[in-house]
Amino acid sequence: MINTANLTKVFRTDEVETTALNSVTFEVKEGEFVAIMGPSGCGKSTLLNILGLLDNPTEGDYYFLGQEVSKHSERQRASLRKNNIGFVFQNFNLIDELNVFENVELPLIYLGLKAAERREKVEAALNQMQIMHRKKHFPMQLSGGQQQRVAVARAVVANPRLILADEPTGNLDSAHGEEVMNLLAGLNKNGTTIVMVTHSQRDAEFSHRIVRLFDGQVVTENIKESFVI
(Lines give C-alpha, C1' and ligand atoms only; values in the text may rest on other atoms or scores of the structure.)
Protein backbone atom coordinates (compact mmCIF):
# COMPACT_ATOMS: atom_id res chain seq x y z
CA MET A 1 0.00 0.00 0.00
CA ILE A 2 2.77 2.44 0.98
CA ASN A 3 6.34 2.50 -0.33
CA THR A 4 8.82 5.29 0.26
CA ALA A 5 12.35 5.58 -1.11
CA ASN A 6 14.87 8.08 0.26
CA LEU A 7 12.07 10.34 1.47
CA THR A 8 13.52 13.68 2.60
CA LYS A 9 11.82 16.78 3.96
CA VAL A 10 13.72 20.01 4.51
CA PHE A 11 12.14 23.12 6.00
CA ARG A 12 13.87 26.35 4.97
CA THR A 13 13.65 29.94 6.14
CA ASP A 14 15.91 32.87 5.25
CA GLU A 15 18.25 31.96 8.10
CA VAL A 16 17.67 28.31 9.01
CA GLU A 17 17.50 24.99 7.17
CA THR A 18 16.06 22.06 9.12
CA THR A 19 16.05 18.47 7.87
CA ALA A 20 12.96 16.82 9.36
CA LEU A 21 13.26 13.58 7.36
CA ASN A 22 16.52 12.20 6.00
CA SER A 23 16.29 9.49 3.31
CA VAL A 24 13.47 7.47 4.88
CA THR A 25 12.78 4.19 3.08
CA PHE A 26 10.09 1.84 4.33
CA GLU A 27 6.95 -0.06 3.36
CA VAL A 28 3.48 -0.61 4.78
CA LYS A 29 1.56 -3.58 3.42
CA GLU A 30 -2.19 -3.74 3.07
CA GLY A 31 -3.70 -4.90 6.36
CA GLU A 32 -0.74 -3.96 8.55
CA PHE A 33 -0.88 -2.00 11.80
CA VAL A 34 2.37 -0.03 12.06
CA ALA A 35 3.45 2.13 15.00
CA ILE A 36 6.00 4.92 14.43
CA MET A 37 7.91 5.89 17.56
CA GLY A 38 10.75 8.22 18.51
CA PRO A 39 11.59 11.32 20.56
CA SER A 40 9.92 14.67 19.99
CA GLY A 41 11.30 16.39 16.90
CA CYS A 42 12.50 13.19 15.23
CA GLY A 43 10.19 13.60 12.20
CA LYS A 44 7.24 11.37 13.15
CA SER A 45 4.49 13.91 12.45
CA THR A 46 6.25 15.17 9.32
CA LEU A 47 6.32 11.61 7.98
CA LEU A 48 2.65 11.11 8.83
CA ASN A 49 1.73 14.35 7.03
CA ILE A 50 3.50 13.16 3.89
CA LEU A 51 1.97 9.67 4.09
CA GLY A 52 -1.44 11.33 4.52
CA LEU A 53 -0.89 13.50 1.43
CA LEU A 54 -1.08 16.67 3.49
CA ASP A 55 2.41 17.66 2.32
CA ASN A 56 4.97 16.75 -0.34
CA PRO A 57 8.55 15.63 0.36
CA THR A 58 11.49 17.79 -0.68
CA GLU A 59 13.17 14.76 -2.27
CA GLY A 60 12.54 11.05 -2.71
CA ASP A 61 9.69 8.89 -3.94
CA TYR A 62 6.36 8.03 -2.36
CA TYR A 63 4.17 5.32 -3.86
CA PHE A 64 0.62 5.12 -2.51
CA LEU A 65 -1.58 2.30 -3.84
CA GLY A 66 0.99 1.77 -6.58
CA GLN A 67 0.94 5.40 -7.74
CA GLU A 68 3.91 7.77 -7.42
CA VAL A 69 2.46 10.77 -5.57
CA SER A 70 5.45 12.75 -4.28
CA LYS A 71 4.98 15.56 -6.81
CA HIS A 72 1.17 15.64 -6.82
CA SER A 73 -0.63 18.96 -6.70
CA GLU A 74 -2.86 19.79 -3.73
CA ARG A 75 -5.94 19.01 -5.82
CA GLN A 76 -4.58 15.57 -6.74
CA ARG A 77 -3.61 14.86 -3.15
CA ALA A 78 -7.02 15.96 -1.87
CA SER A 79 -8.79 13.61 -4.27
CA LEU A 80 -6.69 10.64 -3.12
CA ARG A 81 -7.11 11.59 0.55
CA LYS A 82 -10.88 11.86 0.61
CA ASN A 83 -11.35 8.53 -1.13
CA ASN A 84 -8.75 6.46 0.70
CA ILE A 85 -7.51 7.94 4.00
CA GLY A 86 -9.07 8.63 7.38
CA PHE A 87 -7.33 10.68 10.09
CA VAL A 88 -7.43 10.45 13.90
CA PHE A 89 -5.73 13.29 15.79
CA GLN A 90 -4.57 13.74 19.37
CA ASN A 91 -6.74 16.85 19.79
CA PHE A 92 -9.81 15.20 18.19
CA ASN A 93 -10.26 18.13 15.70
CA LEU A 94 -14.04 18.06 16.02
CA ILE A 95 -16.02 21.15 15.01
CA ASP A 96 -17.61 22.64 18.14
CA GLU A 97 -20.55 24.13 16.22
CA LEU A 98 -21.59 20.75 14.80
CA ASN A 99 -23.17 17.94 16.77
CA VAL A 100 -21.81 14.40 16.80
CA PHE A 101 -23.86 13.26 13.81
CA GLU A 102 -22.87 16.32 11.76
CA ASN A 103 -19.16 15.96 12.59
CA VAL A 104 -19.14 12.36 11.41
CA GLU A 105 -21.22 13.21 8.34
CA LEU A 106 -18.80 15.88 7.09
CA PRO A 107 -16.45 13.61 5.03
CA LEU A 108 -19.47 12.15 3.25
CA ILE A 109 -20.68 15.61 2.28
CA TYR A 110 -17.27 16.27 0.70
CA LEU A 111 -17.68 13.00 -1.22
CA GLY A 112 -21.02 14.20 -2.57
CA LEU A 113 -23.17 11.37 -1.18
CA LYS A 114 -26.92 11.83 -0.97
CA ALA A 115 -28.58 12.50 2.37
CA ALA A 116 -30.13 9.05 2.78
CA GLU A 117 -26.83 7.29 2.10
CA ARG A 118 -25.00 9.66 4.42
CA ARG A 119 -27.48 8.95 7.23
CA GLU A 120 -27.08 5.20 6.82
CA LYS A 121 -23.28 5.36 6.87
CA VAL A 122 -23.11 7.78 9.81
CA GLU A 123 -25.45 5.69 11.93
CA ALA A 124 -23.46 2.56 11.11
CA ALA A 125 -20.20 4.27 12.16
CA LEU A 126 -21.71 5.65 15.36
CA ASN A 127 -23.08 2.23 16.26
CA GLN A 128 -19.71 0.63 15.52
CA MET A 129 -18.03 3.11 17.89
CA GLN A 130 -20.82 2.71 20.47
CA ILE A 131 -21.55 6.45 20.53
CA MET A 132 -24.92 6.49 18.76
CA HIS A 133 -26.69 7.58 21.96
CA ARG A 134 -24.74 10.87 21.81
CA LYS A 135 -25.47 11.72 18.17
CA LYS A 136 -27.26 15.01 18.99
CA HIS A 137 -24.71 16.16 21.55
CA PHE A 138 -22.00 18.72 20.79
CA PRO A 139 -18.28 18.04 21.36
CA MET A 140 -18.11 20.17 24.50
CA GLN A 141 -20.82 18.00 26.04
CA LEU A 142 -18.68 14.86 25.70
CA SER A 143 -15.81 13.40 27.68
CA GLY A 144 -12.39 13.11 26.04
CA GLY A 145 -12.92 9.41 25.43
CA GLN A 146 -16.29 10.06 23.82
CA GLN A 147 -14.82 12.80 21.62
CA GLN A 148 -12.13 10.43 20.40
CA ARG A 149 -14.78 7.79 19.63
CA VAL A 150 -16.52 10.40 17.48
CA ALA A 151 -13.21 11.24 15.81
CA VAL A 152 -12.64 7.55 15.01
CA ALA A 153 -16.20 7.28 13.67
CA ARG A 154 -15.52 10.26 11.40
CA ALA A 155 -12.28 8.63 10.23
CA VAL A 156 -13.96 5.34 9.27
CA VAL A 157 -17.34 6.56 8.00
CA ALA A 158 -16.23 6.57 4.35
CA ASN A 159 -14.63 3.10 4.67
CA PRO A 160 -11.06 4.27 3.99
CA ARG A 161 -8.36 1.75 3.18
CA LEU A 162 -5.88 3.54 5.43
CA ILE A 163 -6.20 5.24 8.82
CA LEU A 164 -3.45 7.55 10.02
CA ALA A 165 -3.50 8.19 13.77
CA ASP A 166 -1.35 10.89 15.39
CA GLU A 167 -1.03 10.25 19.16
CA PRO A 168 -4.66 9.05 19.32
CA THR A 169 -4.57 8.52 23.11
CA GLY A 170 -2.35 11.49 23.97
CA ASN A 171 -5.14 13.47 25.66
CA LEU A 172 -6.89 10.51 27.30
CA ASP A 173 -6.54 8.73 30.61
CA SER A 174 -5.35 5.13 30.57
CA ALA A 175 -8.83 3.56 30.58
CA HIS A 176 -10.18 5.68 27.72
CA GLY A 177 -6.88 5.31 25.88
CA GLU A 178 -7.16 1.55 25.99
CA GLU A 179 -10.73 1.76 24.68
CA VAL A 180 -9.56 3.77 21.68
CA MET A 181 -6.68 1.38 20.99
CA ASN A 182 -9.07 -1.57 21.12
CA LEU A 183 -11.28 0.23 18.59
CA LEU A 184 -8.33 0.76 16.25
CA ALA A 185 -7.19 -2.84 16.68
CA GLY A 186 -10.71 -4.03 15.85
CA LEU A 187 -10.78 -1.92 12.68
CA ASN A 188 -7.42 -3.37 11.67
CA LYS A 189 -8.65 -6.90 12.32
CA ASN A 190 -11.47 -6.17 9.88
CA GLY A 191 -9.01 -5.17 7.17
CA THR A 192 -8.19 -1.48 7.60
CA THR A 193 -4.51 -0.59 7.35
CA ILE A 194 -3.35 1.63 10.23
CA VAL A 195 -0.23 3.75 10.67
CA MET A 196 0.02 5.36 14.10
CA VAL A 197 2.47 7.84 15.57
CA THR A 198 2.82 7.39 19.32
CA HIS A 199 5.08 8.00 22.31
CA SER A 200 3.35 5.19 24.20
CA GLN A 201 5.00 1.77 24.25
CA ARG A 202 1.72 0.36 25.58
CA ASP A 203 -0.17 1.67 22.53
CA ALA A 204 2.59 0.48 20.19
CA GLU A 205 2.10 -3.07 21.48
CA PHE A 206 -1.25 -3.14 19.66
CA SER A 207 0.61 -2.90 16.33
CA HIS A 208 2.21 -5.59 14.17
CA ARG A 209 5.43 -3.64 13.67
CA ILE A 210 7.22 -0.79 15.42
CA VAL A 211 9.32 1.61 13.34
CA ARG A 212 11.62 3.88 15.37
CA LEU A 213 12.82 7.23 14.06
CA PHE A 214 15.75 9.28 15.32
CA ASP A 215 16.95 12.55 13.75
CA GLY A 216 14.68 11.99 10.75
CA GLN A 217 15.95 8.49 9.97
CA VAL A 218 14.62 4.97 10.52
CA VAL A 219 16.93 3.38 13.07
CA THR A 220 15.11 0.13 13.95
CA GLU A 221 12.09 -1.96 12.93
CA ASN A 222 10.62 -4.64 15.18
CA ILE A 223 8.11 -7.13 13.78
CA LYS A 224 6.01 -9.36 16.02
CA GLU A 225 6.75 -13.00 15.35
CA SER A 226 3.03 -13.85 15.32
CA PHE A 227 2.27 -11.41 12.48
CA VAL A 228 2.15 -12.80 8.98
CA ILE A 229 0.79 -10.62 6.15
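Student: Which residue follows α4, and is its phi positive or negative?

Tutor: Q130 follows α4, and its phi is positive, near 55°. This is a predicted model, where local features need pLDDT of at least 70, side-chain atom pairs count only at pLDDT 80 or more, and totals for chains, interfaces and linings use all residues. Residues are numbered from 1 along each chain as its sequence is written, and side-chain values use heavy atoms, leaving out hydrogens and water.

Student: What does the label α4 stand for, and how far does α4 reach?

Tutor: Helices (H or I, at least four residues) and strands (E, at least two) are DSSP runs, numbered from the N terminus. The expected span of a helix is 1.5 Å times one less than its number of residues. Here α4 (residues 115-128) has 14 residues and reaches 20 Å from its first C-alpha to its last, close to the 20 Å expected.

Student: Which residues of α4 are buried?

Tutor: Buried means under 20% relative accessible area, exposed over 50%, and partly exposed in between (1.4 Å probe, protein chains only). In α4, the buried ones are R118, V122, A125 and L126. Seen down the axis of α4, they fall within an arc of 95° (taken from the directions from the helix axis to the C-beta atoms), so they line one face of the helix.

Student: What do the buried residues of α4 pack against?

Tutor: Contact means heavy atoms within 4.5 Å. The buried residues of α4 pack against α3 (100-110) and α5 (144-156), while the face turned away from the buried side carries the exposed residues A116 and E120.
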